[in-house]
Amino acid sequence: MAGMAQSDADSSAKSDTILRSILRDVLGLSQSQVDDFDADTELFGALPELDSMAVAGLLTEIEDRFDIIIDDEDVDGETFENYGSLLAFTLQKLPQ
């Protein structure tokens, strides 16, 4: 049981690292900027780099790097509200 919780934590940490690298690469952010993100860091509307065109690029890159499919109806305004909501969305899309 404890091993399973550790595996989930490892998966979450790995997903967090990958998601931060996607934000850095697609939006052209600095590593230190994405390293400073916490769950409450606002994204859409707060980062000038994250406009509607960048959202499409981010979703494509998330699909590619996580090997998942994101349907248009899965994405809403809250998905990109803050870093925590984007990470939770991504983790929820991963195979269980």
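Where does Thr79 lie? Thr79 sits in the loop between helix 3 and helix 4. Please keep in mind, as you follow the points below, that this is a predicted model.

1. With a relative accessible area of 4%, Thr79 is buried. Setting aside residues up to four places away in sequence, Thr79 touches Asp74, Ser85, Leu86 and Phe89.

2. **Asn82, in the loop between helix 3 and helix 4.** Asn82 belongs to this loop, and its relative accessible area of 16% makes Asn82 buried. If you zoom in on the side chain of Asn82, you will find that it reaches the backbone nitrogen of Gly84 at 3.1 Å. A polar atom of that side chain also lies 2.7 Å from the backbone nitrogen of Ser85. Looking beyond residues up to four places away in sequence, Asn82 touches Ala39, Asp40, Thr41, Glu42 and Leu43.

3. **The nonpolar core.** The largest nonpolar core has 25 residues. Leu23, Leu27, Phe37, Leu50 and Ile62 are the ones with the most contacts inside this core. Two or more residues come from each of helix 1 (2-27), helix 3 (52-66) and helix 4 (83-93). Helix 3 gives the largest share, six residues.

4. The structure holds five salt bridges. One of them joins the side chains of Asp16 and Arg20, with N and O 3.0 Å apart. Both residues lie in helix 1, four residues apart, or about one turn of the helix. Asp16 and Arg20 are both buried.

5. **The salt bridges of Asp25.** Which residues pair with Asp25? Arg24 is one partner, with the closest N and O atoms 3.0 Å apart. Arg65 is another, and here the closest N and O atoms are 2.7 Å apart. Arg65 lies in helix 3 and Asp25 in helix 1, so this pair ties together parts that are 40 residues apart in sequence. Salt bridges that share partners join Arg24, Asp25, Glu61 and Arg65 into one network.

6. **How open is this network to the outside?** Asp25 has a relative accessible area of 38% and is partly exposed. Arg24 is partly exposed at 26% relative accessibility, and Arg65 is partly exposed at 32%. By contrast, the pair Asp16 and Arg20 is buried.

7. **Gln92, on the outside.** To finish, look at Gln92 in helix 4. Is Gln92 buried or exposed? Gln92 is exposed, because its relative accessible area is 54% and the cut-off for exposed is over 50%. The C-alpha atoms of Gln92 and Asp36 are separated by 23 Å, and the two residues are 56 residues apart along the chain.

Technical notes
Residues are numbered from 1 along each chain as its sequence is written. This is a predicted model: local features need pLDDT of at least 70, side-chain atom pairs count only at pLDDT 80 or more; totals for chains, interfaces and linings use all residues. Side-chain values use heavy atoms; hydrogens and water are left out. A nonpolar core is a set of buried Ala, Val, Leu, Ile, Met, Phe, Trp, Tyr and Cys residues joined through side-chain atoms within 4.5 Å. Buried means under 20% relative accessible area, exposed over 50%, partly exposed in between (1.4 Å probe, protein chains only). A salt bridge is a side-chain nitrogen of Lys or Arg within 4 Å of a carboxyl oxygen of Asp or Glu. Contact means heavy atoms within 4.5 Å. A polar contact is a pair of N or O atoms within 3.5 Å; within protein, one must be able to donate a hydrogen and the other to accept it, and residues adjacent in sequence count only if both atoms are side-chain atoms.
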